[in-house]
Amino acid sequence: MLRSLRSEMLKITTTRSWWVLALILFGWVGFNASVIGALGGVIVDQSGGALDALSIPSLAYSVVTAVGYVFPLLFGALASTGEFRHQTLTPTFLATPRRNVVLAGKVGAGFFWGVVYGVVGLVAAVGLGALVMQLTGVDPELGSSDTWALIARALLAMALWAVVGVGLGVLMPNQVAVIVVVLAFTQFLEPLLRTAAAFWEWTAAIGKFLPGAATDALVGSSIYSLISGSAADALEWWQGGLVLGGYAALFLIIGGLTTWRRDVT
Amino acid sequence: MTGAVIEIQSLTKRFGGTTAVDDLSFRVEPGVVTGFLGPNGAGKTTTLRSLLGLVKPTSGSATFDGHAYAELPDPLRTVGTALEASSFHPGRSGRDHLRVAAAAAGIPDSRVDEVLEWVGLGTAGGRRAGGYSLGMRQRLGLAFALLGDPGALVLDEPINGLDPEGIRWIRGFLRSLAAEGRTVLVSSHLLSEVQQTVDRVVIISHGKLAYQGTLDGLETGIGRVHVDAADREGLARALGAAGAQVELVADGLHVSGFEATAIGELALAAAIPLRLLVPEREGLEDVFLGLVGEGGEL
């Protein structure tokens, strides 16, 4: 089990895709956090009190997951599908014939790298966001325990998303298909569904179990919750974590019982 | 060192409606190089992948000293495998490819450098494997097989794509591995490729066993005698009258059904002096082709 984990970690560090994704994550999250940090104060001022309760810093910091969760998700999915695509399942299963052990190693390595992506994203969001807020006269609230709780929960969310990705990649071994599905769902379908779900009470009750909504519940704040206005009846943070973990477990179990068991030819 | 005995027992594998391997049984002993031959599509790779736990047999078993590959406590140290030349991530260096496997098997990185040096990839090991030539990929595959210093080696078409110098090298290498007491199973679709290397052969065709035994046993299967005399027609008549099958060829007669001694005596009795009497063995390739039938691609 430990050997398998070490092997999976080496697979990641010996190719380049992890730091390419990390670099884009850093830039994209940093950009979004800066924009929110810069414009947040102005918007709250002009809202005439309607948005006074809003915490600009937590909104800015939570872009790590709100816009950044797609990166650990893609990373995890690529780690799984790459084995199918490059036919490396053959040497992998020759070295570790017990396939569930390999899968466990992948989950462990995925979780760890999800945390790494979380750190990268938070350095961008908190570092750049706080800097911009300082410049525009908004309190970055770095001394607040709420801020640090949000940071810790964002790390957990990123780690869980990487594991969801590993599971999704096993469920859908076609690399091109999984990239398309991930991008279409996260960038288009889910925001649409969340907005639509907010219209009626019964759809909202289902909508909060969407993975992105669960992430926002876990982290505690997000630009999307603000837009769709569903923050009020969102899940508890730990429920959000469980929902995300549930998606990961579901994908891993179904994938582990199907594609992962197939003949490697 | 004594390698594991490889035992294939009543192995059958069907993919949908196609039967790739059909009730195949054979044994591979340690200490000799065994060739696993058959035309492309005969079921060699499916057999080897079943043996290695990558493909689940429809029925039957394939074991190392009685244990399925997946049950081996330390697979890479028991069995070394080179399956195909493309099973690596193109962006990973050859050395890192081996390190990933070594980590999974608890083998130190120092061993990785050792096997790379051994197969002649000492300097190329740090380069991305995507840029390797076919010969270099074969060498990387062999390095992977040797990683755990295993007692048994299962190599699928290891000679394919090697340059003449590489072929000579791998032949000597396989022989020395077998001489150390290891079990060496080498597949090929070309008999001539392994003819000088293997001691025993297992030949399959359409998923079924066609021959199992030594190369010599294969060769002595069918024979004929090339004979000639000044009075060629007279000789043909005399031999034909005695019941031999005679075929007239440009430089004499091809006679089958009689040993050379008997043909000499028949000629003497007919008072025809012979000027040629040569027992001939049918070519190995011909025998091989005869065994594997129509589908034989050589």
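In which sense, right-handed or left-handed, does α5(A) pass α8(A)? In this predicted model, the crossing of α5(A) past α8(A) is right-handed. Helix α5 spans residues 70-85 of chain A and helix α8 spans residues 145-171 of chain A, and their axes come within 6 Å and cross at roughly 35 degrees. On the α5(A) side the contact includes A:P72, A:L73, A:F75, A:G76 and A:L78, while on the α8(A) side A:M158, A:W161, A:V164, A:G165 and A:L168 are among the residues that take part. By class, the residues of this contact of α5(A) with α8(A) comprise 15 nonpolar and five polar residues, with no charged ones.

**Contact between the chains**

Between the two chains, 24 residues of chain A are in contact with 28 residues of chain B. On the side of chain B that touches chain A, the elements giving two or more residues are α2 (75-78) and α3 (94-105) of chain B, and of the elements α3(B) gives the most, with seven residues. The residues of that side of chain B divide into 16 nonpolar, seven polar and five charged.

**The antiparallel sheet of chain B**

Three strands of chain B form an open sheet in the order β2-β1-β4, with antiparallel pairing. Strands β2 and β4 (59-64) of chain B stand at its edges, and because each has a single partner strand, one side of each is left without a neighbour in the sheet. Neighbouring strands of this sheet are turned against each other by 20 degrees on average, direction ignored. Helix α1 (residues 44-51) of chain B packs on the sheet, where it touches β1, β2 and β4 of chain B, and its direction makes about 115 degrees with that of β1(B).

Within this sheet, β1(B) and β2(B) form a hairpin with two residues between them, and B:G16 in the turn has a positive phi of about 60 degrees.

**The mixed sheet of chain B**

Six strands of chain B form another open sheet, in the order β5-β6-β7-β3-β8-β9, and here the pairing is mixed. The edges are held by β5 (79-82) and β9 (208-214) of chain B, each with a single partner strand, so one side of each is left without a neighbour in the sheet. From one strand to the next, the twist averages 15 degrees.

Helix α5 (residues 134-146) of chain B lies across β5 and β6 of chain B and runs at about 165 degrees to β5(B). Helix α11 (residues 284-292) of chain B, in turn, lies across β8 (200-205) and β9 of chain B, running at about 40 degrees to β8(B).

**Strand pairs in chain B**

| Strand pair | Sense | Bridges | Bridge partners |
|---|---|---|---|
| β1 (residues 6-15) and β2 (residues 18-28) of chain B | antiparallel | seven bridges | B:L11 and B:L24 |
| β6 (residues 152-156) and β7 (residues 183-188) of chain B | parallel | five bridges | B:V154 and B:L185 |

In a regular strand, the side chains alternate between the two faces of the sheet.

Key: Residues numbered from 1 in each chain as written. Chains lettered and ligands numbered in written order. Predicted model: local features only at pLDDT ≥ 70, side-chain atom pairs only at ≥ 80, totals over all residues. Axes fitted to C-alpha atoms, helices over the stretch in contact; angles between N-to-C directions. Helix = DSSP H or I, 4+ residues; strand = E, 2+ residues; numbered from the N terminus. Left-handed = near helix turned anticlockwise from the far one by under 90°. Contact = placed C-beta atoms within 7 Å. Nonpolar A, V, L, I, M, F, W, Y, C, P; charged D, E, K, R; others polar. Pairing = 2+ DSSP bridges.
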